[in-house]
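Visitor: Can you walk me through this one? Start with how you count things.
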Amino acid sequence: ISMMRYEDYIFVASESGNVLHIHYPDMAIKGAYFVSSEGAKVSAIHPLSDNMFWAILNNNGKSEVVSVVIWDGVASDIGRRELVGNEYTDLLRWEDGYLALDAGSSSLIALSDLDEASSTSAVSGETIWTNQNELNEVVNGFSVVNDIAFIGVNRLDESEDATEVAEVLFFDLLNRVELGRAPIKSSGPINAVSATHLSHKSCYESIGINSDLLLPLAIKGAETKPYQMMLGTHVDVQPILDVLEQIKADVGDEYGPYGIWMIEGQQTNAFNDGSWYSDNDKAKPGVLSIVLMFSSLRCDMMYKFPWWSKYFEPVLQPILDQIFEPVFGKGNVNSKYMRMQLALIQPDVTEIKEHWDMPFYSTMGHRVHIPITWNDGVRFALGGKNLTAHLGVGDAFEVDNAVSHGVVNLGSSDRIHLVVDVLDDPVDNYFMLTPGQKCALKDNDCGSLPQ
């Protein structure tokens, strides 16, 4: 019925009223607790800590919230309060209070005093949105990013050939106005809406983003990844700039100001085969790179380049942990890297032409950018939309590279990004390349591959 993660623990509620307490990521069950009452069923879980949660119970048009704390393997009911509304499916913290999605009335309710645990009176609430469509629709699942609620809407067709059309509705919480809807290609109804690439808490806490690049740039169907949003993490990139200066000192100025970005200056690093560089020159004229990790085209072989361990690993590892551990969990990051490179776009109309990245790596992985240097002359094209994005240096964000995307640098300074492709599932087939080694990525032939 409901599953929520709080840091290293997961709470799973079943329709029978049992709530499982599971440790993450080893998935060890720490306990199972019955929190329902006669005639009521659990409809939602809202974690408060690793051993405390609220359970929302529905019972024939009446909803109540139960506060539960787990101590020494025993779950204790420490309070119950009646809720405004009759069929809550989701509960999410927003500003100084909470928002609840009521499927019974197809409405969004703002709860102001839910935190008053000692109170026994009914929780007061205000309906801030009600679905005005005359169609037979059911709401289920919502998430809040930058004060915009994304609400799942399922349209039920009562004809003989019953079909369900899923949509996501956008609602401005501050101005209390609907912004629109986007259809979602689906063979069934929406059961949950989340922004887990921003935070694993997005199903029960609102998410804020420190950027002018807000909300999805394109809502795509099931054939592409339906997100192009910020991760909401800021990191200090000065250590990366310091490493680049160290490499410049090691390589010298024989090959000019961009020497460390050129093959000639990377003789102590490894290389992809020649076709990769020629393809890059066609699609990305004037764009230079330092490759740290790469994969075969089918993503069945992963390669770590010498400069990763020689220069960058000690600096990048804590930065990447800061970005990805909130998503994947502590200790679960190192086995998920697929590709990693520093990409430099030179100034004065240097561009990455609009293109779609190839399967498998574009569909299997998440493409994350961390701006290292930036200028106001950089222009993005994403999902067919052109925009000026004032991205903060060190603000990590994700781009759906399976849709059309491109960049042009009209400014007078370099644009440098750390670009990281990560997988949802861990891999164990990493190979360390030696200085000067070349990889024919299409047929996985890199000569001798020491593990």
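Guide: A contact means heavy atoms within 4.5 Å. The model is predicted, so local features need pLDDT of at least 70 and side-chain atom pairs pLDDT 80 or more, while totals for chains, interfaces and linings use all residues. Numbering runs from 1 along each chain as its sequence is written, and side-chain values use heavy atoms, without hydrogens and water.

Visitor: What share of contacts join residues at least 24 apart?
Guide: 60%, among contacts in the chain between residues at least 6 apart in sequence.

Visitor: And how many helices and strands?
Guide: Four helices and 30 strands. These are DSSP runs, numbered from the N terminus: helices are H or I, at least four residues, and strands are E, at least two.

Visitor: How much of the chain is buried?
Guide: 52% of the 451 residues. Buried is under 20% relative accessible area with a 1.4 Å probe, protein chains only.

Visitor: Which element gives the largest share of the largest nonpolar core?
Guide: The core has 42 residues, and Phe 312 and Leu 316 are among those touching the most other members. Helix 3 gives the largest share, eleven residues. Such a core joins buried Ala, Val, Leu, Ile, Met, Phe, Trp, Tyr and Cys through side-chain atoms within 4.5 Å.

Visitor: What does Phe 312 touch?
Guide: Its contacts include Ile 240, Leu 292, Trp 307 and Leu 342, leaving out residues up to four places away in sequence.

How values were computed. Buried < 20%, exposed > 50% of the residue type's maximum accessible area, 1.4 Å probe, protein only.
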